[in-house]
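Please open the model in your viewer and keep the selection tool at hand. The tour below goes from one selection to the next and says what is found at each stop.

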Amino acid sequence: MKELLITANEAGQRLDKLLAKYLDGAPKSFLYKMMRKKNITLNGKKAQGNELLLEGDQIRLFLSDETISGFQKKEIPDGKSGAALDIIYEDDHIVLINKPAGMLSQKAQPQDVSLVEHLIAYLLESGSITKEQLLLFRPSVCNRLDRNTSGIVAAGKSLAGLQEMSRLLKERTVKKYYRCLVKGRISGTDHLNGYLVKDSRTNRVFVTKKPSKDGKRIETEYRAIAEKDGITMLEVHLITGRSHQIRAHLASIGHPIIGDGKYGDEKLNRRFHTEYGVEHQLLHAYRLEFPAVTGPLSYLSGKIFCADFPDVYSRISFFS
């Protein structure tokens, strides 16, 4: 027999949803059959599966250890991480991480090790979560950056944090600002509009000015911070968050990001690689600004968080 005590982190979800996480290899029909036969009970009573769980609820599984382990397919990390995370901010609900260029935000292939895996290892090492708790809730990132883009990634440590932070980002109430170095001289500010069309075969996107069947509307604001020797530093406000949006949008107006091998200027990229060792696009998710927030993350109202630039930026004379 196995007993699960519901904590604040698991409360608020349906019983059948939690059971599907805990026994992720079990067919739904098996779970409902076990509830009908009272082999799975809620607070000592027969359950239907649609009950909303409350903190302190008690779930009992009158199943053998072999049956339970046989239906648990999740791979649980060993708590050891090969990467030391650059933590910008952390509380009981969320953690803000300065992701290095070259690291995936989430797995693209089963064998990948992404920021999510490093985050879980960090939380296990720090004692913020246990392996048993990972069977019921798995912390994850709330926003993603391209592999070769550095900067702030928000992650949820608790279910409430993951849900609320994801909602704020989806509704675009949290403002996201990037810094980048681009080809050409730019001054002032601009607000770019367009439509993004993705070519899945090449994993490239294209920007058009007119709507199309496959096009998704995009908005990008920028302001020039400084200019030197035909290179401009921009601060970009990402209004809509589409795949490769900033990189493709700036390239479409003749100002590709330095180091961008997909949308950039090949000759200029070679020069920056030779002179400064630039091996990826110089695009950095620099700042998050929280609005007035209600609910579980209300304490973040008006907060601003910034991520330090990677070392490569300090080698570029533009910053000296």
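**First stop: the cavity**

Select strand β14, which with four residues gives the most to the lining of the largest cavity; strands here are DSSP runs of E with at least two residues, helices are runs of H or I with at least four, and both are numbered from the N terminus. The model is a predicted one, in which local features need pLDDT of at least 70 and side-chain atom pairs count only at pLDDT 80 or more, while totals for chains, interfaces and linings use all residues. Residues are numbered from 1 along each chain as its sequence is written, and side-chain values use heavy atoms, with hydrogens and water left out.

The complete lining consists of Asn143, Leu145, Ile152, Lys176, Tyr177, Tyr178, Ala285, Tyr286, Arg287 and Leu288. A cavity is a set of points, on a 1 Å grid over the protein atoms alone, where a 1.4 Å probe fits but cannot get out, and lining residues have an atom within 4 Å of a point. The structure holds one cavity of 30 Å³ or more, and the volume of the largest cavity is about 50 Å³, where volume means the space filled by probe spheres set on grid points that are joined across faces, edges and corners.

What is the make-up of the lining of the largest cavity in nonpolar, polar and charged residues? Seven are nonpolar, one is polar and two are charged, with Ala, Val, Leu, Ile, Met, Phe, Trp, Tyr, Cys and Pro counted as nonpolar, Asp, Glu, Lys and Arg as charged, and the others, Gly among them, as polar.

**Second stop: arginines over rings**

Show the side chains of Arg287 and Tyr177, where Arg287 lies over the face of the tyrosine at 4.2 Å from the ring centre. Next, select Arg179 and Tyr286, where Arg179 lies over the ring face at 4.5 Å from the centre. A charge sits over a ring if NZ of Lys or CZ of Arg is within 6 Å of the ring centre and within 35 degrees of the ring normal.

A search of the whole structure finds six aromatic pairs, a pair being rings of Phe, Tyr or Trp (its six-membered ring) with centres within 6.5 Å, and planes under 30 degrees apart counting as stacked, over 60 as edge-to-face and the rest as tilted. Select Phe30 and Phe71, whose ring centres are 4.8 Å apart and whose planes stand at 45°, so the pair is tilted. Phe30 lies in helix α2 (residues 28–36) and Phe71 in the loop between α3 (65–70) and β5 (87–90), so this pair ties together parts that are 41 residues apart in sequence.

Move on to Phe290 and Phe305, an edge-to-face pair with 6.0 Å from centre to centre and 85° between the planes. Phe290 is buried at 6% relative accessibility, and Phe305 is buried at 11%; buried means under 20% relative accessible area, exposed over 50%, and partly exposed in between (1.4 Å probe, protein chains only).

**Last stop: two loops**

Select Asn43, in the loop between β2 (40–42) and β3 (45–46), where phi is near 55°, a positive value in a residue other than glycine. Finish at Asp229, in the loop between β12 (216–228) and β13 (231–238), where phi is also near 55°. Asn43 is partly exposed at 39% relative accessibility, and Asp229 is exposed at 62%.

Conventions. On a 1 Å grid over the protein atoms alone, a cavity is a set of points where a 1.4 Å probe fits but cannot get out, and a pocket is an open set with protein on both sides within 12 Å along at least five of seven lines; lining residues have an atom within 4 Å of a point.
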